[in-house]
6 protein chains.
Amino acid sequence: MTYSAHGGWIDAANASWPEFAEALRAGAIPLLPFGAHEQHGPHLPLQTDSIMAEALARRVAIEVGGALLPVVAYGETSNNAGFPGTLSLSFETVRAIATDIGSALAAQGARGFVIVNGDFGNQAPLKAAARALTSGHVPGVPPLPTLVVDYPGFEEAAARFATTLPAGPGFYHADEVETSIVLAVRPEAVHMDKAEASYPDFPDTYPSLFTQLQEISPSGVFGDPRPATPETGEAILAALTLRAVDLVQSFLRRL
Amino acid sequence: MTYSAHGGWIDAANASWPEFAEALRAGAIPLLPFGAHEQHGPHLPLQTDSIMAEALARRVAIEVGGALLPVVAYGETSNNAGFPGTLSLSFETVRAIATDIGSALAAQGARGFVIVNGDFGNQAPLKAAARALTSGHVPGVPPLPTLVVDYPGFEEAAARFATTLPAGPGFYHADEVETSIVLAVRPEAVHMDKAEASYPDFPDTYPSLFTQLQEISPSGVFGDPRPATPETGEAILAALTLRAVDLVQSFLRRL
Amino acid sequence: MTYSAHGGWIDAANASWPEFAEALRAGAIPLLPFGAHEQHGPHLPLQTDSIMAEALARRVAIEVGGALLPVVAYGETSNNAGFPGTLSLSFETVRAIATDIGSALAAQGARGFVIVNGDFGNQAPLKAAARALTSGHVPGVPPLPTLVVDYPGFEEAAARFATTLPAGPGFYHADEVETSIVLAVRPEAVHMDKAEASYPDFPDTYPSLFTQLQEISPSGVFGDPRPATPETGEAILAALTLRAVDLVQSFLRRL
Amino acid sequence: MTYSAHGGWIDAANASWPEFAEALRAGAIPLLPFGAHEQHGPHLPLQTDSIMAEALARRVAIEVGGALLPVVAYGETSNNAGFPGTLSLSFETVRAIATDIGSALAAQGARGFVIVNGDFGNQAPLKAAARALTSGHVPGVPPLPTLVVDYPGFEEAAARFATTLPAGPGFYHADEVETSIVLAVRPEAVHMDKAEASYPDFPDTYPSLFTQLQEISPSGVFGDPRPATPETGEAILAALTLRAVDLVQSFLRRL
Amino acid sequence: MTYSAHGGWIDAANASWPEFAEALRAGAIPLLPFGAHEQHGPHLPLQTDSIMAEALARRVAIEVGGALLPVVAYGETSNNAGFPGTLSLSFETVRAIATDIGSALAAQGARGFVIVNGDFGNQAPLKAAARALTSGHVPGVPPLPTLVVDYPGFEEAAARFATTLPAGPGFYHADEVETSIVLAVRPEAVHMDKAEASYPDFPDTYPSLFTQLQEISPSGVFGDPRPATPETGEAILAALTLRAVDLVQSFLRRL
Amino acid sequence: MTYSAHGGWIDAANASWPEFAEALRAGAIPLLPFGAHEQHGPHLPLQTDSIMAEALARRVAIEVGGALLPVVAYGETSNNAGFPGTLSLSFETVRAIATDIGSALAAQGARGFVIVNGDFGNQAPLKAAARALTSGHVPGVPPLPTLVVDYPGFEEAAARFATTLPAGPGFYHADEVETSIVLAVRPEAVHMDKAEASYPDFPDTYPSLFTQLQEISPSGVFGDPRPATPETGEAILAALTLRAVDLVQSFLRRL
């Protein structure tokens, strides 16, 4: 099922530069997981979004024969800034990181660039970076088609495999879904004994008025993480991978 | 030997937000390893600087009872931009990442902030960020004393434990020293069979004229990595840790 | 039904400064329609988004006793930049306009600020501006709760009153819905004789890969504008107004 | 007297994109009126500068067969920021709006660009934008000759047609001249019953020291608006149009 | 005639920090001459504007008992950029220099700040800097009343003492007036044998369309420098000083 | 010993534009001394760094047949900001000045650019500017090889000619070395009667933690200026010149 001509994927963190050069030359697509350092309730680690994005990017890289880049461990998480431990980058900083990395790849002859995003707040700045890279609007940098993969099929997979409802439409944060995925990928960082359910009321003005999530859920939990299992996490991750691989392969066909 | 009142260190990547909040409250100092994704010859991984900074920061965190933050895996490496695989951030981006993370910590009541730097190009932007944070010049952010730890005692430790000379005064890149440290910390990413020595001539204008290192050493190696051993790496790392712990404790006494 | 204490709305374009001062003092909420100058097919005017946003903002202002500000006639429309006549502002420029206007209102003692958005590309920069204003992150400016109204209930209203389907889920551009609204508000700018239907295929990578809409629909039409009528437009506009008034009143209750 | 080859002017607000494309192709010059939302005493509307700039731009567009763009309703008015209702953009924002719009026009093949300015504070940022556009200093944008029309012949026309003196040399604000022009163009927004004269003393340091005009004239009036008539306004506007058309035609001959 | 309480002026370039501190404490006003490095024909030096601004600032400092700061030798001169030797700063850079220096003075307790400008292109950025400093809009910096002195009474003095006409209204560049002043202040840098007259035609679009002055006058001379004498220069400089001292003393009375 | 083909050096401050044009054409390298306005104890002038950089640049220009540009009299001196009279520019401002001047030179066909730096705080921003200019990363500007000369051989020369030790390794500020050089170049600005020695204790965290030097040495002196003589200054300056000329000639050979 490997799409890339070079016959294999590489983990760029552990690769040397000649290995990376060879992979680029063979057409391997670079994949950058972009995470966040953000509160996820009392039972999940602050790196939850990074863990999830890295897991998905790794699986996609394996399937499409890509070059997996090291995860960016911080992201835009200003709506959780009220919780100690949330370390938010600004919009500009997230955009700059993605633009700089994409610019380097473009100069080295990459034919495309895939960003696998794991955090809601990163969506707007990553789209802005991808638009500039794709359109050739970064001064001195050749155009680089840049795809932003934002958990395609998340709602469907959650509805299919989770046993509890989300706290709001399309709102998954420290709930059964996220907890299951982290249980599947990094179980030692999950404290199920601290898992508690929380279905808070959202104000009528949400999300039209910027609101600190701390005001809505003091624990930081939205939903019910208690039924989470690694099996559920694995099933959801597999579904997400399938959809993301399809998307990346559509992208590769356009290059 | 633990300085912090709270009696232990935490690995913030795996911590939940209440655990992080408790550590901050108890006075734990946050430590941010700042690495790079940069060529290190044919035998070392692109993440070498991140691996080294993370290893040092982890050891210091353990000694001083600090809160180890996830490594920033990318840095300013423009002088290696000619090598495929080097993915350099700009000066501004490195400064912004450190400023944003420090600003969040300041708002959450951290009493200080330690950045453990692993990359030459990060020095200037991290100093600029630390100066602004320390001086209270970030708009809307309370002053946060910020220490930049830049491998204190590196030259002495290298001279004492390594068997070969550096390629230039204070210039250590993909040589016996760096190779030994990665062998000690992440041996599976080192390919000693590809290790080769290179003592290139530096132009007379170096470093007064900005020069791509690729023009000086096509392999990206500066020095002789071949005698590297994990034992040498461990010895150097221990020496660096000792000096860095001293520095951080001096810092903590001033807070 | 007027919520504001001062008993009436004002059209700030035609008001003098003492009239505006009096309205602010009486608690009138300022409403800023934010439009765009963007292609809308061969039958709709380039100001379509501005016309729609202004019409909605005016109705909401009347209902809530607000202060209607002059429309911003340009917005972020980079995905239509391939069509002559589309004059796109950058992300930064849209954010700066909203931030500057909000900052002036905050300094003058406004208790809140409502932005009525009429353009997809404006969403991210207006949210960024509103977040900074609401959180008090604009240097030297007191916090100003800022609500972004983004056509609440659009899909429901479209489904209820339009006779044709949109070209894609949530995608309304130069179709029956938009054409009907402009017919209701500024009929002289609509050329129904030039209205043509277009249900183009979206590439699989849409919208994960930034794509010029010109490549998808050369005419700039998405959907079927031909059955559009002013009555349909009036019905949709009334439904949008109802939902927007509810939202603004929820917002006013929180101030 | 129409200079443009295409034989007519267009009002781009109401035009469709194919109509705008055709006008550009035929050589129509785009004209952007740039106004402000600024106090103009108790008898004139906050949009006075926009109304005046739009009226002049429209007349020039008709004479030269140009493409009239929608007015920018906000401008740099920081010296009136002390009055409620003045909503000032920053220098950067005004420059960015003009630069973005000019950049879009340049990409679409416009042969030149005319900005018709109606506000004193806009002069410096619009000149800066025009300089960059004309010189080809906007990255990625082809050079676009850009003319800034700043009420040429204003003092002469005022001296010839107004019956009262300005409050200071070259200083016209909410006086007979401006009031007459608004009476000619949008009479329903003028409240002559509230018109009052004010000939305040200017401090010796004016304008070398930045001064809020509120400190000089608490009413915001400078001069005597009471003798204003629509006839005077029409005469002045005709004189301004004549001079502006001459200027634009000189500009067109250079392209 | 000395206004300052401390009884004397100081030349800050040669002063030590305790001397400067004492002068500030005694109320001495800091004066910053802001020049440019710009072509002034074949007979005048590139530093002409700096020489003139420094000479005027020095005389004013002596009269008002001020603290003369070292001249800024570069300025915004983009309209002369076509001539080799013109080294123009951008608008932003000029503004930043003035803002940084004013910010430092404000932090050190200066009661005001005077900028003596010698270059046309500096006017807009210096006004922008002065506006921000005066209004307290520089983040973290207390308000600092800042006066920009722009050769008050230049036209009158030129008309009174020079024997030739300027090349255009208010346009003095490398002509009798400027040449006379440099002859009075730094005669060794003037080559009267190379002085030649030039009364070029200005295009009708000047200055509404940004134009390189090289296109108008290939020699860079505007007017007739040949009758210049040091006596004329001295007379003009004395007249300018008188007016500038009046302005600064009005400013000091307002502090 | 003159390297340049044109047979002589020029002082660009006093040169006319045709003279500068001729020098550039003949291959003269432009040299920009970059100083600072910074406290140097009670016996040295605030312009000490500018005086020293200008003196060195002048001597190098004479030796290599270069074009000496006027000194930039202000620099980044934030670590001395606690002393009245220190007027620090920001990192960005220093970088922008160097970038703007280099950009103008590049556009005029200079084959290279030399910056002679006299201030510690300027090092990072000047390196950043030089890197961008050399690499061709300034939008719209052709690449310009740019050398930053930072007192090569300073420590050796100080050790050889001075009779006292520095206050810290590589730390020379208001001591015998700097005092001697200013005595050699501008003796009238030195007050030896106020010279006092100061060998303060540096905190253990210096320089890893940003520290105001005022906290370390209240007088601003670091070392013992009392034995300073013009002869020592002349000897050190001669040694610095020799090294700097070598460096510049190596640079010229690479162009």
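**Exercise 1. The interface of chain D and chain C**

Task: How much area do chain D and chain C bury between them, and what share of it is on carbon and sulfur atoms?

Solution, step by step:

1. Chain D and chain C bury about 3500 Å² between them, with 62% of it on carbon and sulfur atoms. Buried area is the accessible area, taken with a 1.4 Å probe, that two parts lose on being put together, summed over both.
2. The model is predicted: local features need pLDDT of at least 70, side-chain atom pairs count only at pLDDT 80 or more, and totals for chains, interfaces and linings use all residues. Residues are numbered from 1 along each chain as its sequence is written, chains are lettered from A and ligands numbered from 1 in the order in which they are written, and side-chain values use heavy atoms, with hydrogens and water left out.
3. On the side of chain D, 49 residues are in contact with 49 residues of chain C. Contact means heavy atoms within 4.5 Å.
4. Between chain D and chain C there are 2 salt bridges. A salt bridge is a side-chain nitrogen of Lys or Arg within 4 Å of a carboxyl oxygen of Asp or Glu. One of them joins D:Lys194 to C:Glu19, where the closest N and O atoms are 4.0 Å apart.
5. Helix H1 (17-25) and helix H3 (91-107) of chain D each supply at least two residues of the side that touches chain C. H3(D) gives the most to that side, with 7 residues. Helices (H or I, at least four residues) and strands (E, at least two) are DSSP runs, numbered from the N terminus.
6. By class, the side of chain D that touches chain C has 30 nonpolar, 15 polar and 4 charged residues. Ala, Val, Leu, Ile, Met, Phe, Trp, Tyr, Cys and Pro count as nonpolar, Asp, Glu, Lys and Arg as charged, and the others, Gly among them, as polar.

**Exercise 2. Other chain pairs**

Solution, step by step:

1. Chain B and chain D have no contact, and their closest C-alpha atoms lie 18 Å apart. Chain C and chain F likewise have no contact, with closest C-alpha atoms 18 Å apart.
2. Over all chains, the whole structure has 48 salt bridges. Among them, the side chains of F:Arg131 and B:Glu76 meet at 3.6 Å, N to O.
3. F:Arg131 lies in helix H4 (residues 123-135) of chain F and B:Glu76 in the loop between strand S3 (67-68) and helix H3 (91-107) of chain B, so the pair joins two chains.

**Exercise 3. The sheet of chain E**

Task: In what order do the strands of the chain E sheet stand, and which strands are at the edges?

Solution, step by step:

1. In chain E, 5 strands form an open sheet in the order S1-S3-S2-S4-S5, with parallel pairing. Two strands pair if DSSP finds at least two bridges between them.
2. Strand S1 (10-11) and strand S5 (146-149) of chain E stand at the edges with a single partner strand each, so one side of each is left without a neighbour in the sheet.
3. S1(E) and strand S3 (residues 67-68) of chain E pair over 2 bridges, and E:Ile10 stands opposite E:Ala67.
4. Helix H2 (residues 48-64) of chain E packs on the sheet, touching S1, S2, S3 and S4, and its direction makes about 165° with that of S2(E). Helix H4 (residues 123-135) of chain E touches S2, S4 and S5, at about 160° to S5(E). Axes are lines fitted to C-alpha atoms, for helices over the stretch in contact, and angles run from 0 to 180 degrees between N-to-C directions.

**Exercise 4. Local features**

Task: Where does D:Pro207 lie, and what does E:Arg226 touch?

Solution, step by step:

1. The peptide bond from D:Tyr206 to D:Pro207 is cis, with omega near -5°. D:Pro207 lies in the loop between helix H6 (176-185) and helix H7 (213-216) of chain D.
2. E:Arg226 is in the loop between H7 and helix H8 (230-254) of chain E. Not counting residues up to four places away in sequence, E:Arg226 touches E:Met192, E:Ala195, E:Glu196 and E:Ala197.
3. The side chain of E:Arg226 makes a polar contact with the side chain of E:Asp224 at 2.9 Å.

Conventions. Polar contact = N/O pair within 3.5 Å; in protein donor to acceptor, adjacent residues only side chain to side chain.
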